[in-house]
Amino acid sequence: MRHTFPRYAAALALLCAVASATVARTAEYVALPGGTFESVLPADGKSADAKVAPFRLRVTPVTNGEFLAFVAAHPEWRRDRVARIFAEARYLQSWAAPDTLGAAVLPEQPVTNVSWFAAEAFCESESARLPTWYEWELAAASDATRVDARADPAWRERILAWYARPSTEALAPVGGEANLYGVRDLHGLVWEWVDDFNALLVSADNREQGDPDLLRFCGAGAITLQQRENYAVLMRIAMLSSLKAVDTTANLGFRCAKPAPSENTR
Amino acid sequence: MRFLLRLMRAAFVPLLFGAAALFWAATSPARGSEVPTDSLYRLDVPLVDQDGKGQHLADRRGRPLVVGMFYTSCHNVCPLIVDTMLATERALAAGGRGGVDVLLVSFDASRDDPIALRRAADSRKLDLQRWTLARAEPADVRKLAAVLGIQYRQLDDGEFNHSSALVLLDAQGRIAARTETIGTTDAAFIAAIDATLAATE
């Protein structure tokens with residue numbers, strides 16, 4: 001009996017240590033209210049606003065360090081073991097080895113060269129999913145003070161400036177300036193996968209849109225793009241809709257999203 | 001003698017298990033080896049068919065399969081997808097020998113329950129010996145579309161915009177051929193089905 005107390009104490013201490021380590025590593029999510037907003041992709045394919053339910057979004061993109069921990073816990077996602085159906089040959093190619101970042105790759109940099117399947121699997125390991133396009137676009141419409149800064153030409157210029165930077169520059173660590181919701185790095189760091197990347201359906205030729213090719217597209221045909229002055233967002237859609245789920249690029253990363261906590265679990 | 005009997009009795013049970021295992025291995029060629037790294041059967045897609053029966057996509061391992069996606073309330077392209085596949089079947093050299101299995105999975109997880117799938121199968125008089133109409137959960141529909149290279153998007157009114165493709169999987173679940181020709185048959189796709197069926201026999 002005399003010995004049980006220290007043993008419990010030790011177990012408790014260990015538990016606390018594990019718990020605090022877990023807390024330290026748990027990704028931070030912030031709540032976004034959702035709502036109705038004017039998307040570049042009309043919800044009815046013509047002009048209707050997008051409706052977004054309240055959700056939570058990861059504050060920063062997933063980093064190399066975080067993805068390395070994921071790969072260690074789920075070795076089927078190592079680049080030397082991943083099934084080819086889930087990721088092409090360039091998957092995680094910038095890392096020094098399948099289980100090592102190496103000197104040139106920093107743990108705080110956003111992970112890139114990840115396929116859509118790998119990004120989904122990572123998010124599932126955080127009990128999350130990739131954000132939908134509308135969720136990402138809604139979050140990315142805000143700046144530090146405004147819910148929707150998209151009509152401000154100065155703001156649009158600032159975002160566009162990023163695209164002029166050479167893509168060979170090393171990626172900055174995550175943790176840029178927060179927007180109104182507290183979300184960081186939506187612009188200016190990496191492209192990001194969205195859950196419905198294969199739902200964007202942009203026709204290559206705008207002239208086709210009045211005359212949807214019914215043999216290719218069921219329903220209302222190709223989507224009409226709105227807000228043509230919003231180039232930065234349109235470029236994202238063009239890029240995302242050109243990708244296959246196994247594709248990886250040196251500038252394409254991701255972050256995860258979760259539904260809003262329900263009333264009884266809050 | 002008694003010792004020998006005991007020995008035989010002791011050996012009998014493991015022997016029986018061994019024989020059963022051998023028999024199982026011999027009769028389950030699909031499970032005999034690892035699923036290839038480029039096989040769609042690496043993806044776990046739980047499906048429910050038009051009879052309400054659960055199955056996994058990977059259960060189809062061992063036989064060639066044509067996979068497509070559709071939804072039952074669609075009036076433009078989806079009937080054409082079925083028409084195209086029916087015409088493709090009729091054009092197969094292997095048609096007389098049982099043909100190829102066909103699996104159509106719905107985009108519309110909320111409305112296409114087994115009853116709706118069954119109604120669609122009956123109205124098109126599909127041969128359910130080879131055809132399966134199935135539904136999956138939305139996250140699995142998204143993943144299946146991703147491996148098949150099919151784009152789709154639900155609109156406000158519940159309709160879907162989608163691209164159309166028929167994808168031929170070989171017995172191991174690897175993509176052997178793919179066609180986006182809908183409304184008329186694709187000779188190269190038909191030839192690929194014939195070749196894949198012949199290679200599997």
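**View 1. Helices H5(A) and H6(A) in the predicted model.** Helix H5 (residues 153–164) of chain A packs against helix H6 (residues 231–241) of chain A at an angle of about 45°, and their axes lie 9 Å apart. Axes are lines fitted to C-alpha atoms, for helices over the stretch in contact, and angles run from 0 to 180 degrees between N-to-C directions. Helices (H or I, at least four residues) and strands (E, at least two) are DSSP runs, numbered from the N terminus. H5(A) and H6(A) are therefore oblique to each other; angles under 35 degrees count as roughly parallel, over 145 as roughly antiparallel, 65 to 115 as roughly perpendicular and the rest as oblique. Ile159(A), Leu160(A), Trp162(A) and Tyr163(A) of H5(A) make the contact with Tyr231(A), Ala232(A), Met235(A) and Arg236(A) of H6(A) (contact: heavy atoms within 4.5 Å). Seven of these residues are nonpolar, none polar and one charged. Ala, Val, Leu, Ile, Met, Phe, Trp, Tyr, Cys and Pro count as nonpolar, Asp, Glu, Lys and Arg as charged, and the others, Gly among them, as polar.

**View 2. Helices H2(A) and H3(A).** Helix H2 (residues 64–73) of chain A meets H3(A) at an angle of about 80°, with 11 Å between the axes. That makes H2(A) roughly perpendicular to H3(A). From H2(A), Glu66(A), Phe67(A) and Phe70(A) touch Ala118(A), Ala121(A), Phe122(A) and Ser125(A) in H3(A). The contact residues comprise five nonpolar, one polar and one charged.

**View 3. Helices H3(A) and H4(B).** Helix H3 (residues 116–125) of chain A and helix H4 (residues 138–148) of chain B pack at about 160°, their axes 11 Å apart. The two helices are therefore roughly antiparallel to each other. Trp116(A), Phe117(A) and Glu124(A) in H3(A) face Arg142(B), Lys143(B), Ala146(B) and Val147(B) in H4(B). Four of the residues in this contact are nonpolar, none polar and three charged.

**View 4. The interface of chain B and chain A.** In this interface, 30 residues of chain B contact 36 residues of chain A. The chains bury about 2600 Å² between them, 55% of it on carbon and sulfur atoms; buried area is the accessible area (1.4 Å probe) that two parts lose on being put together, summed over both. Arg142(B), Gln151(B) and Arg153(B) supply 26% of the area that chain B buries against chain A, more than any other three residues. One salt bridge is found across the interface (a side-chain nitrogen of Lys or Arg within 4 Å of a carboxyl oxygen of Asp or Glu). Lys143(B) forms a salt bridge with Glu124(A), with the closest N and O atoms 2.7 Å apart.

**Notes.** Residues are numbered from 1 along each chain as its sequence is written, and chains are lettered from A and ligands numbered from 1 in the order in which they are written. In this predicted model local features need pLDDT of at least 70, side-chain atom pairs count only at pLDDT 80 or more, and totals for chains, interfaces and linings use all residues; side-chain values use heavy atoms, with hydrogens and water left out.
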